[in-house]
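This report describes a protein chain in plain terms. Please look through the sequence and the model before reading on.

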Amino acid sequence: MKRSLHLMVLLMLGFCLQSTMLKAQDNDQVKIKVNYKQKPLSLVILDLNINYRLQFEYDKEDIKDITITKSLTKTPLKEGLAQIFAGTGLGFNLKSGRKIQLFKLEESPIIEEVIEASTENAERFDFNASGVVRDLNTGETLPFASVLVKGTLNGTATNVDGYFTLFNVPSDTAILEVEYLGYQSSNFRLSPKMDLSEIEINLDNFQQQLEEVIVVADKEEQLIKASKGISQIAVSPVQLATLPSFGERDIFRGLQLLPGVSGTNESSSGLFVRGGTPDQNLILFDGFTVYHVDHLFGFFSAFNPNAIKDVQLYKGGFDAKFGGRISSVVELTGKDGNTEQFNFGLGISLLSYNGFVEAPFADGKGSVLIAARRSFQSGFYSNIFDSFTQSNEDNAQEGTEQRISRFLGQQEIQPNSYFYDLNAKITYRPTKKDVIALSFYNGQDNLDNSRNFDSDSFGAFGGGFGGGFGGGFGGGSNVRRTFSFQSNNTDLTNWGNTGGSVKWSRRWSNRFYSNANLSYSNYFSERDQNTAVNITRSDSTFTRNNGSFESNDLRDFTFKLDNEFNVNQNNQLGFGWQSTYNDIEYAFIQNDTINVLNREDQGWTHALYLQDKHTFADKLIVKGGIRLAQYSVNNEIYLEPRASMTYLVSDLIKFKAAWGQYNQFATRVVREDIQQGSRDFWLLANDDNVPISSSEHFIVGASFETNGLLFDVEGYYKDLAGLSEYSTRFVASGFGRNRTLDYEEFFFTGTGVAKGIEFLLQKKTGQLTGWVSYTLGEVKYDFDAFGDTPFFANQDQTHELKIVGSYKWRKWTFSSTFIYGTGRPYTAPTGYYEIGLLDGTTTDFFEVSEKNALRFPDYHRLDLAASVDFRLGGSKANLGLSLFNIYNRENVWYKQYDVIEGELIETDINLLDFTPSLFFSWRLK
């Protein structure tokens, strides 16, 4: 019995000794993760006590009226407490066994005094520090975030993986100011015991802050950040959700609200940047090229905001690392997925439903994200579809409606259409230095606008009614006949993108970083239009077929390697190489027998680049670069030098300039169609009938920026060469029925000039934020085939004004956008004639006015939106209403021309009228 009692005593002593030793080590092992926003200190102490078993000793009067706003992730206890109590006037003693004694400092110093005081305790001076910036709630790394040593001009930006390196940090107690668009800025204090080669800084997303908080004067909840560089603008995908929309959150529609980017072309999500066309923009999504960005005739872009983390727009003068386009660059970085916890969400609008799911790997080294979206055939969807596929007969000439109605008889339309997109991404970090990511995208539109006509009697018409059906039925006789008429019209349009990339990036040291990317991209487009007409007369029956088939299939295989080497605080090098193989097919067939155009193009493009960024005296920032490209189709080498400069006059004022030469080898050619609107197709330039496109950019500007306001102005001049267009407008009326047409001869080339000036005034802080932008521009082309004098390009627009505002009140957000633009130019037919072809059919050709000699009416519209954030239990939700074109402006999209009974009829095809839409989203976390 005594032996058992002695054994129990020894065990208890051992247990107590072990507990004491563990408690001594406990404080060093504790890491805390908190997210406080204006939280009373008493509740902070209670939270730390419950979640981390911390025991506080304090005087209640000392903590009265103190609130804490701080975000930490996996931060050592001592360091975390130092950040929590910084600036509160309280000090602490950390005792063994997770006991903390709070005491009131004799003085309550402001943060600058804390920095100065803490410098006396510093152990390291003038060193290099590196780390990563992450989202506090999801663990996502944040690319292109700003990291600055407080009180100095020593700063840098994170790379695409969220890593940064700071040189010559003054002490290991300095404070880093960290900013990222759409996130709450943070002051991160270094400490002597911190591993300064593996700093982890966490920022909180504004959208996560559903609690009612007081809006302070310096709170920056911006939609855009326009002061990042020369002609560079960053956009917050999350904040864009608060702006008015057509029924879907749309990143590219948000980009169209920026200065220098046309906002009046609502029939396309493509970007017309500084007089350029959408094909002249390099669109990169996780490293692979996206060649077409439209859903539903361009009404929405093909990118799901739930899958996008960061958007960077370079409007011109872009770096040597980018090539193959002559206008601009849009760099999209996809979300990696939540590395902290499982999460999923759902959303629905009057147009589509969407969902996403994200989860971390079990070992905590990776994550997966899947996001999908699909439209459904709602009344809202049908209204949009009808607006883009049917003529507006109310605007036709007097008497036309009655003639068309009698001619078509009873019309049966069965439209069936939808779009979808799917994003998936797997990210794995086997070490702290390596990131391996697999990204996939697939999006497609299927539009069926087929329709049937059926009429039993057309006695009121003569035998010849139309150029519209390939030569007329009955040869133009004026004898009245009675017949029945059946027409089966096939109109199928399919297009889509499939892309993917495999990335391996490695941080070799705090100075050297590499990013290797292997990618594939495929864009396809098919349109099948065919009309089968059965005519039954009292004495005969016959069938006529008329139509066209158009197909474009582009494949892109690319490998690229980008390297960054930080020589020192004032000098950063970038260098790399890229190889791209393009395989492009295009076919245009009429009446099932005539190959109007049939091309199969293949070619390699290899490129090397080198660029150097140097800062002189903390005032002058100069970046020079050169890109060397070799094109296999003509076996030529192209030299593309680039240069830019920024001069900081003061903390508020800076001047900037850029210059560069650019070439484009895969190009999209416009196929002019006067009757039904122009279409376009991709092919490879061959320096024969389709030259290599090129441009030279000249940019100058200045900006004035305070904490709350930004005024920015930039002027640009772009010299364009190697422009291409395809048109059949120049076929002579004297061609006979036995003439074989060489459609290759219908390629025309020319040059152009785009020039303009942009103004931006932005309010960045407070409850009311937004901007006013104005662009004065001109785009002129010079094609010898179109006349002796230059003409205005299709995208030319002299004036464009945009006003964007967002007002936050508690959990509500109210926003509005107004857009005004002068009319764009267009070409109109003045008559028509027919050409007989070898197969016995005829083809209509129009006699037209001077190229783009006319102008559409001015474009303008006002949109409004309101949304509210709220909680459903522990989950988060958002409900919103958007009102598009609120005063119902009739903006003309294009004009359609038809030949009815030998008469040329002009019809205005208008864009959307007043369109309300609702949307709802929900997420677990």
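## Terms and model

Two strands pair if DSSP finds at least two bridges between them. Helices (H or I, at least four residues) and strands (E, at least two) are DSSP runs, numbered from the N terminus.

This is a predicted model, in which local features need pLDDT of at least 70, side-chain atom pairs count only at pLDDT 80 or more, and totals for chains, interfaces and linings use all residues. Residues are numbered from 1 along each chain as its sequence is written, and side-chain values use heavy atoms, with hydrogens and water left out.

## The whole protein

The protein has eight helices and 54 strands. Of its 925 residues, 55% count as buried. Buried means under 20% relative accessible area, exposed means over 50%, and partly exposed lies in between (1.4 Å probe, protein chains only).

The protein exposes about 39500 Å², and 54% of this area is supplied by carbon and sulfur atoms. Accessible areas come from the Shrake-Rupley method with a 1.4 Å probe; for residues, only the protein chains shown count as cover. Among the contacts in the protein with a separation of 6 or more, 67% involve residues 24 or more positions apart; a contact means heavy atoms within 4.5 Å.

Strands of a sheet pair through backbone hydrogen bonds, either parallel or antiparallel.

Strand E6 (residues 125–135) and strand E13 (residues 199–205) run in the parallel sense and share five bridges. Val133 stands opposite Ile201 in E13, and Asp135 has Leu203 in E13 as its bridge partner. E11 and E13 pair in the antiparallel sense over two bridges; here Gln184 has Asp204 of E13 as its bridge partner. E13 is mostly covered, with six of its seven residues buried.

## An antiparallel sheet

Another open sheet also has four strands, in the order E8-E7-E10-E12, and its pairing is antiparallel. Strand E8 (155–157) and strand E12 (186–189) stand at the edges with a single partner strand each, so one side of each has no neighbour in the sheet. Neighbouring strands of this sheet are turned by 20° against each other on average, direction ignored. For such angles, axes are lines fitted to C-alpha atoms, for helices over the stretch in contact, and angles run from 0 to 180 degrees between N-to-C directions.

Strand E7 (residues 146–149) and E8 pair in the antiparallel sense over three bridges. Val147 has Thr156 in E8 as its bridge partner.

## Helix H2

Helix H2 (residues 41–52) has twelve residues and spans 16 Å from its first C-alpha to its last, close to the 16 Å expected at 1.5 Å a residue. The expected span is 1.5 Å times one less than the number of residues.

Leu41, Val44, Ile45, Asp47, Leu48 and Tyr52 are buried in H2. Seen down the axis of H2, these buried residues fall within an arc of 160°, so they line one face of the helix. The arc is that of the directions from the helix axis to the C-beta atoms. Arg53, which follows H2, has a positive phi near 55°.

## Positive phi elsewhere

Most residues other than glycine have a negative phi. Asp126, in strand E6, is not a glycine but has a positive phi of about 50°. Asp126 counts as exposed, at 53% relative accessibility.

Arg810 lies in the loop between strand E44 (799–809) and strand E45 (812–821). Arg810 has a positive phi of about 55° although it is not a glycine, and it is exposed, with a relative accessible area of 58%.
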